[in-house]
Amino acid sequence: MTKGDLIDRRQLREFEENLARFVGTKYAVGLNSGYDALHLSLRAAGIAPGDEVIVPAHTFVATCSAVVNVGATPVLVDVGPDFNINVDLIEEAITPRTRAIIPVHLNGWMADMPRIMEIARRYNLVVVEDACQSLGASIHGKKAGSWGLTGCWSFYPFKILGGYGDGGAITTDDPDVALFVRRMRFNGEDRDTGEYHGHGFTCLLDNLQAAFLDVKLRHLPHWIQRRQALAEQYRQGLEDIPDLALPHYEKPGFVHVYQNYVVRSKQGDAFSNYLKENGVEVLTQFRKPYYKHKALKLVDRGFPETEALSREVCSLPMNVEIDEEEIDYVIEVVRSFYGK
Ligand SMILES: *Cc1c(COP(=O)(O)O)cnc(C)c1O
């Protein structure tokens, strides 16, 4: 701040290098938000009006809005019990207009990327990963955000690596995509020559945010271990309750980073309200699926798993500041709801 290093300075470049190294890609480009990452990824891939893009029916609305805002048509596909896109339903959603697929890695757990990449290869589709909730997650050692054309990141304060305001990035191995996004985030300008390479946007990651994020990134591996330990404490305390589904999935090679610890309670609102009344802060994202919001003008083809989990979701407290006694208290409240 004393040097006036506010826009596109050393701290941004260093954070980009460290983020790319962490994810395992050649490039990272800092942006203002996860939404910008999705939006510019689709533009970089040339997605345009007339194209269809497959997105999950259960995700944060920004995944879908990015598709609509480049003029393309989102095609929604239901999710599976692990909250991620149901890979068995992807092929029947593909048409001659399908150009891309956006798998979302929700809550810190990755969509089945080996199978999704195989389908994408067969149908010649672009894959853009919405990895906004899964920094550090991996499958067979290959990290989220390193599988598709781009990985899209958000550093919104609620995320596993959160800034002190909005922030985002893409990661990619493609030099042309990195260059395109670098220019488009700064009004289309090549900052070395002053040449405008297209009508762009203003959506750089603030230098100040990059400086904070670069420090926090060093702690992330340790924080992930801490989250995994807390998740294990929840599992041991709650796994004997039949009406409660816990987010532990047996899939060899998949690593969960527990950005969120989302359980499914058959008792829905009665469960989440009971926790709130007993001093446990919980989130219920999302009780109303985004495609049911009329103004978005989306087609509800019927998504039974999304409907069911929307009634049942409840995120229990999960962060690195919480201690074991607090988790024990949450476990006690949940058990008392179930008369245990
Ligand atoms: C947070 C999030 C986004 C959008 O990130 P912003 O930085 O808030 O724009 C997109 N997709 C998912 C799955 C997210 O969790």
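Predicted model: local features only at pLDDT ≥ 70, side-chain atom pairs only at ≥ 80, totals over all residues.
1. Residues are numbered from 1 along each chain as its sequence is written, and side-chain values use heavy atoms, with hydrogens and water left out.

2. Helix 2 passes helix 3 in a right-handed crossing, a crossing being right-handed if the near helix is turned clockwise from the far one by less than a right angle, and left-handed if anticlockwise. On the helix 2 side the contact (heavy atoms within 4.5 Å) is made by Tyr35, Leu38, His39, Leu42 and Arg43, and on the helix 3 side by Ala62, Thr63, Ser65, Ala66, Val67 and Asn69. By class these are six nonpolar, four polar and one charged residues, where Ala, Val, Leu, Ile, Met, Phe, Trp, Tyr, Cys and Pro count as nonpolar, Asp, Glu, Lys and Arg as charged, and the others, Gly among them, as polar.

3. Helix 2 also meets helix 5 (residues 175-184), their axes coming within 10 Å and crossing at roughly 125°, and the two helices are therefore oblique to each other. The crossing is right-handed, and Leu40, Arg43 and Ala44 of helix 2 meet Val177, Phe180, Val181 and Met184 of helix 5, a set with six nonpolar, no polar and one charged residues.

4. Helix 6 (residues 207-238) and helix 9 (residues 324-337) have axes that come within 10 Å and cross at roughly 30°, and they are therefore roughly parallel to each other. Helix 6 contributes Arg226, Leu230, Gln233, Tyr234, Gly237 and Leu238 to the contact, and helix 9 contributes Glu324, Ile327, Asp328, Val330, Ile331, Val334 and Arg335. These residues divide into seven nonpolar, two polar and four charged.

5. Around the ligand there are 13 residues, of which Gly34, Asp130, Gln133, Ser154 and Lys159 come nearest, a residue being near if one of its heavy atoms lies within 4 Å. An oxygen atom of the ligand is 2.7 Å from a polar backbone atom of Gly34, and an oxygen atom of the ligand is 2.9 Å from a polar backbone atom of Tyr35. For Ser154, a polar side-chain atom lies 2.6 Å from an oxygen atom of the ligand.

6. Two backbone details deserve a look. The peptide bond from Gln285 to Phe286 is cis, with omega near 5°, and Phe286 is found in the loop between helix 7 (268-277) and helix 8 (304-312). Asp8, placed in the segment before helix 1 (10-23), has phi near 55°, a positive value in a residue other than glycine.

Definitions and conventions
Axes fitted to C-alpha atoms, helices over the stretch in contact; angles between N-to-C directions. Helix = DSSP H or I, 4+ residues; strand = E, 2+ residues; numbered from the N terminus. Parallel < 35°, antiparallel > 145°, perpendicular 65-115°, else oblique. Polar contact = N/O pair within 3.5 Å; in protein donor to acceptor, adjacent residues only side chain to side chain.
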